[in-house]
Amino acid sequence: MNRQFEYTSAMQDLHFTPQQKVEIAARAAEAAQAAPRRKRRPIGRTALIAACLTVVLAVSAGATGVLKSAIDVFSPIFGGSAAQTEIIDKIGYPVGASDTDNGVTITADAVMGDRYNAVVIYTISRDDGTALLPEGAEDAMLLVHGNGTDLSILGGTHGGSYFVVEDPAASSIQMVETRSSDVPLNDCTATAVFENLYQWDEETGEAVPIVEGKWKLKFEMAYEDSSITLGSGETFSQGGMTFTIDAVTISPVAYKVDYAVDREVVWSESGSGRQDPEDARQMEQYLENVEILLTKTDGTVIDLSNAGGSIGPEDGKTVCSKGEVFDEILPLEELASVSVGGVEFPIPAE
């Protein structure tokens, strides 16, 4: 059977018992307390699992909001150094599309990315200037229903979302969504659909609505691609299989690695709605265990191995793609090399 298996998207098919939901929420809270406070909350597996609780709903309406500069939108979250703001100014694309319902407006402020990855920042605000969130609400426990940012492309996608709450008593918060794809997405039309803002209740193990409404926005993903491509046919071996690297795409905002394995993956047909243990083992073999390390010019090494991607059997081999958006903007001149499965690719200085 020739079917595509989307690593993170497939997690949406999983089902959780109330006790499992409580455990997920508890782990998210513990991680938030243990990590140092930062303006951006990295997207990890906990956030992706929490995203599985969303539902897909279609709504209508549309409007145009206040147009902010890309620098004003992205700098507070992805870095505001001179080099970072220069990149934002070059590749960031102001949007300003918005929709209002029940006295609350959601605005797509801006988008940036590269050929295969994108990040969109939304602002959710209460129009009368009163506090958007109830007292005690935390960004780590917020959820929104809907299908999020749909790019309407003919390819597999994965990603995640998180909230940025600078002041819990403020009338607005931000939501950051990332999307990574195995086909180009920097020249497509996005449709974002959201319904209700929820807070996870640890006591009941349920998502409780705290802001009600339905919103639909449509906008263009018309940002500049700043990526470079490295690699062509290099190989490495692990687990008794040979991996051939087709391309390593890297930009200041994201990365993507394409490779093929000399064995065709065969998925189970359990039909249980849960990932079969054998499928999980194969996910490790073909995707999770592929090490990706990014080395900066100052010697710092960033482990990029824990990323989502896609796997598809094809003519006796398995075609894989793996990548995601960085936690911050990384100017290419500050990057020395990237290695995949131990194969190192120097990043050109210019």
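Leaving out residues up to four places away in sequence, S75 touches A70, G80, T85 and I88, where contact means heavy atoms within 4.5 Å. The model is a predicted one, in which local features need pLDDT of at least 70, side-chain atom pairs count only at pLDDT 80 or more, and totals for chains, interfaces and linings use all residues. Residues are numbered from 1 along each chain as its sequence is written, and side-chain values use heavy atoms, with hydrogens and water left out.

Is S75 buried or exposed? Its relative accessibility is 14%, so S75 counts as buried, given that buried means under 20% relative accessible area, exposed over 50% and partly exposed in between, with a 1.4 Å probe and protein chains only. The side chain of S75 also reaches back to the backbone oxygen of I71, at 2.9 Å. Within α3, the buried residues are A70, V73, F74, S75, I77 and F78. Just after this helix, G79 takes a positive phi of about 115°.

Of the 350 residues, 48% are buried. Among contacts with a separation of 6 or more, 69% are between residues 24 or more positions apart. The accessible surface is about 15,900 Å², and carbon and sulfur atoms hold 48% of that area; accessible areas come from the Shrake-Rupley method with a 1.4 Å probe, and for residues only the protein chains shown count as cover.

Aromatic rings come next. The structure holds six aromatic pairs, where rings of Phe, Tyr and Trp (its six-membered ring) pair if their centres lie within 6.5 Å, and planes under 30 degrees apart count as stacked, over 60 as edge-to-face and the rest as tilted. One of them joins Y122 and F194 edge-to-face, at 5.1 Å centre to centre and with 80° between the planes. This pair links distant parts of the chain, as Y122 belongs to strand β5 (residues 117-126) and F194 to strand β9 (residues 189-201), 72 residues apart. Y122 and F194 are both buried. A stacked pair is formed by F236 and F243, with 4.9 Å centre to centre and 10° between the planes; F236 and F243 are buried as well. Y122 and F194 also belong to one aromatic cluster with F219. Elsewhere, the charged end of K256 sits over the ring of Y116, 3.9 Å from its centre; the criterion is NZ of Lys or CZ of Arg within 6 Å of the ring centre and within 35 degrees of the ring normal.

Strand β19 (residues 335-340) pairs with β15 in the antiparallel sense over five bridges, a pairing being counted if DSSP finds at least two bridges between two strands. In β19, V338 stands opposite L294. Strand β16 (residues 301-303) runs antiparallel to β15 and is joined to it by three bridges, with D303 of β16 as the bridge partner of L293. Four residues lie between β15 and β16 in this hairpin, and G299 in the turn has a positive phi of about 95°.

N102 has a phi near 55° and lies in the loop between β3 (93-101) and β4 (104-113); with a relative accessible area of 55%, N102 is exposed. D315 has a positive phi of about 50° and lies in the loop between β17 (309-314) and β18 (317-325). At 78% relative accessibility, D315 counts as exposed.

Finally, T244 sits in strand β13 (residues 241-250) and is partly exposed at 27% relative accessibility. T244 and E234 are 10 residues apart in sequence, with 5.7 Å from C-alpha to C-alpha. Neighbours within four places aside, T244 is in contact with G233, E234, T235, D258, Y259 and A260.

Key: Helix = DSSP H or I, 4+ residues; strand = E, 2+ residues; numbered from the N terminus. Polar contact = N/O pair within 3.5 Å; in protein donor to acceptor, adjacent residues only side chain to side chain.
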